[in-house]
Amino acid sequence: MDTSCPPQRKRPRPAQPLLCTSLRRLVFVAAAAVAATAATTAHAFVVPSSRGINGAAIWRGRTVYMGKGSGGGGGSKKKGSALLQEVLERYEAVVGIEVHAQLLSDTKAYCSCSTHYNPNVPNANICPVCTGEPGTLPVPNARVVELASKAALALQCEIAAEVRYDRKNYFYPDTPKNYQITQYTHPLGGKGLLELPSGKMVAITRLHIEEDSAKMVHQGSDSLAGSTHSLVDFNRAGIPLAEIVSEPDMRSGAEAAEYGRELQKVLRYVGVSDGNMAEGSMRLDVNVSIRPKGEKALRAKVEVKNVNSFKSVQQAVDFEVLRQAKAYDAAEPVRQETRMWDEKELSTKLMRVKEGESDYRYFPEPDVPPLTLPPALVAAWKSELQELPAKKRARYQDSAGFGLDAETTKALTEDLNVAQFYEKAVEVHKADAKEAAKWLIGDIFGHLNGNKGKVKDFGKIKLTPAGLAELVGLIAEGKITGKIAKELLPELLDEWVGEEGKEGEGEAGAVLALVKERGMEAITDPAAIALLVEKVMQANPGKVADYRAGKTKMLGFFVGMVLKESGSRADPEVAQRLTEAALKDGI
């Protein structure tokens, strides 16, 4: 497979977003503006609240506030969540999710235009192929097929013996060819499974390769709703996507959000997508229906498009459950339709009546031949996969592994960089598993998440796995105290440059060398600590008398003063034992 464009003539590239220039495109831009105006008046049973709480829903004689932070449950949180709970006692939510994940290819799906573009420079990375000019031919990108196959394998999908490409036809101004090249009849992968942290299993129906549409830049409003017209930026047209379709196995907004987070984590672990929702690298379309408890048949589903955060996924599902229950309780039908999630109103609004598959008029793509992937090639790709999150969690919690609790395991496995750092510290440099975990998720995460440190990205910290292992070991050996380690940590994370070993892992003893350079070694000699105790007692005769008169709770004061006098270097246990003995000596 070649990734290059067919020969093309040079054309000047505009510096501003292009309005659709053909008569057909202008018509559709006008239609989009009309649809945007209509969307602002679409029925969504949402009433603006005079108290400033977004989205007050009137139902069954009660006002339910779908306010921010409610997870779809309520700004008057108790009312909203209680109503949702009441509904879910009578109805069962049925949720499936379609995810579009941008694949980390340097070039587009069917041409050599770069996928790395500046969003402030529209229509720069385009060519006749990705803008659908007559006479151009698509050429499949080999890297895209590899990345999509690895994603499918990570999701335990069966890889098809033969993959066929199809045309999906629809007429929107952001689709320059008036169709997408997709895989309809013979997708790349299918029959997969994703295990969630809760233990829930979600079946994966299919994974196939698609190309992205252009970006609509709506004018006169922050979103389609309320906009006056739209401009089109074709930089995204032809960007390679993996579309991942789940079975309708989720039963709540919380489960849907959990599924999205776990899928994002898997794609990042495998290195096929960065899953950045804020930048549009991962977009979720959520399909929601409800049915009476005990009913097996599926009812009409509503698709909520392009939900851009996991919090919004949960809110959108919860909102739709309530909206559809309201309709069924009033003996009204629920239509199969496409809705949009309004972040401001925290509600869904009608976009269009849902198309059926026949509306897309699928037919085989005549310009791309069927693709056969040799089993040996698929096996080679599978061998390159990282250990996946579910397996890693099980190993971390296994008593034969690291023996960690579920909460600690979750924190360590959220990010692959963190997990690899931890494993190297424990398995290669022999750090105590639980102590290393405690320092990572406690002090190191706390430093990065706070506003104290210069470094906010874990991947850029100066401390190496060897350095963490040595730090933990020095505490265990009593060569430094935990307090000294905490004082050293900001420098170790933000500024420290230890001597590099042969493999760049840090010279053994480098942290201890820094401790000695700073004069921060622990004082463990009982004779030296006894002198400090005597000094503190001589400086506080009144408090010594109080202690000996029965105010024994003052022991903590004396121990603290001894530690302070030592510059936090005295061994706390030895200091407490000697202080208590000295105070009792005069009783």
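**Note on the predicted model**

1. Lys 430 sits in the loop that links helix 9 (416-428) to helix 10 (433-449). The model is a predicted one, and the backbone at Lys 430 deserves a look: phi is positive, about 60°, although the residue is not a glycine. Lys 430 counts as exposed, because its relative accessibility is 65% and the cut-off is over 50%.

2. Ala 331 belongs with this point. Ala 331 also has a positive phi of about 60° and is not a glycine. The residue lies in the loop between helix 5 and strand 15. With a relative accessible area of 72%, Ala 331 is exposed.

3. On the overall make-up, the protein contains 17 helices and 18 strands. Of its 587 residues, 49% count as buried. When contacts between residues at least 6 apart in sequence are taken, 69% of them join residues at least 24 apart.

4. The nine-stranded sheet is open and mixed in its pairing, with the strand order 4-8-9-12-3-13-14-15-16. Strand 4 (158-159) and strand 16 (347-353) form its edges, each pairing on one side only.

5. Strand 14 (residues 302-307) and strand 15 (residues 337-342) run parallel and are joined by four bridges. Val 304 has Arg 339 of strand 15 as its bridge partner.

6. What does the side chain of Gln 324 reach? Gln 324 is a residue of helix 5 (residues 310-329), and its side chain reaches the backbone nitrogen of Ile 290 at 3.4 Å. Gln 324 is buried, since its relative accessible area is 0%. Beyond neighbours within four places in sequence, its contacts are Val 288, Ser 289, Ile 290, Ala 300, Val 302 and Val 334.

7. Strand 6 (residues 166-169) makes four bridges with strand 7 in the antiparallel sense. Arg 167 stands opposite Ile 181 of strand 7.

8. Helix 11 (residues 465-476) packs against helix 13 (residues 510-518) at an angle of about 60°, and their axes are 8 Å apart. Helix 11 is therefore oblique to helix 13. Helix 11 contributes Gly 467, Glu 470, Leu 471 and Leu 474 to the contact, and helix 13 contributes Ala 510, Val 511 and Leu 512. By type, the residues of this contact divide into five nonpolar, one polar and one charged.

9. Trp 496 should be read together with that helix pair. The residue lies in the loop between helix 12 (482-494) and helix 13. Is Trp 496 buried or exposed? Trp 496 is buried, because its relative accessible area is 11% and the cut-off is under 20%. Not counting residues up to four places away in sequence, Trp 496 touches Lys 462, Leu 463, Glu 491, Ala 510, Val 511 and Leu 514. Among these, Ala 510 and Val 511 also take part in the contact between helix 11 and helix 13. Trp 496 and Leu 514 are 18 residues apart along the chain, and their C-alpha atoms are separated by 9.2 Å.

Conventions. Residues numbered from 1 in each chain as written. Predicted model: local features only at pLDDT ≥ 70, side-chain atom pairs only at ≥ 80, totals over all residues. Heavy atoms only, no water. Pairing = 2+ DSSP bridges. Helix = DSSP H or I, 4+ residues; strand = E, 2+ residues; numbered from the N terminus. Buried < 20%, exposed > 50% of the residue type's maximum accessible area, 1.4 Å probe, protein only. Polar contact = N/O pair within 3.5 Å; in protein donor to acceptor, adjacent residues only side chain to side chain. Contact = heavy atoms within 4.5 Å. Axes fitted to C-alpha atoms, helices over the stretch in contact; angles between N-to-C directions. Parallel < 35°, antiparallel > 145°, perpendicular 65-115°, else oblique. Nonpolar A, V, L, I, M, F, W, Y, C, P; charged D, E, K, R; others polar.
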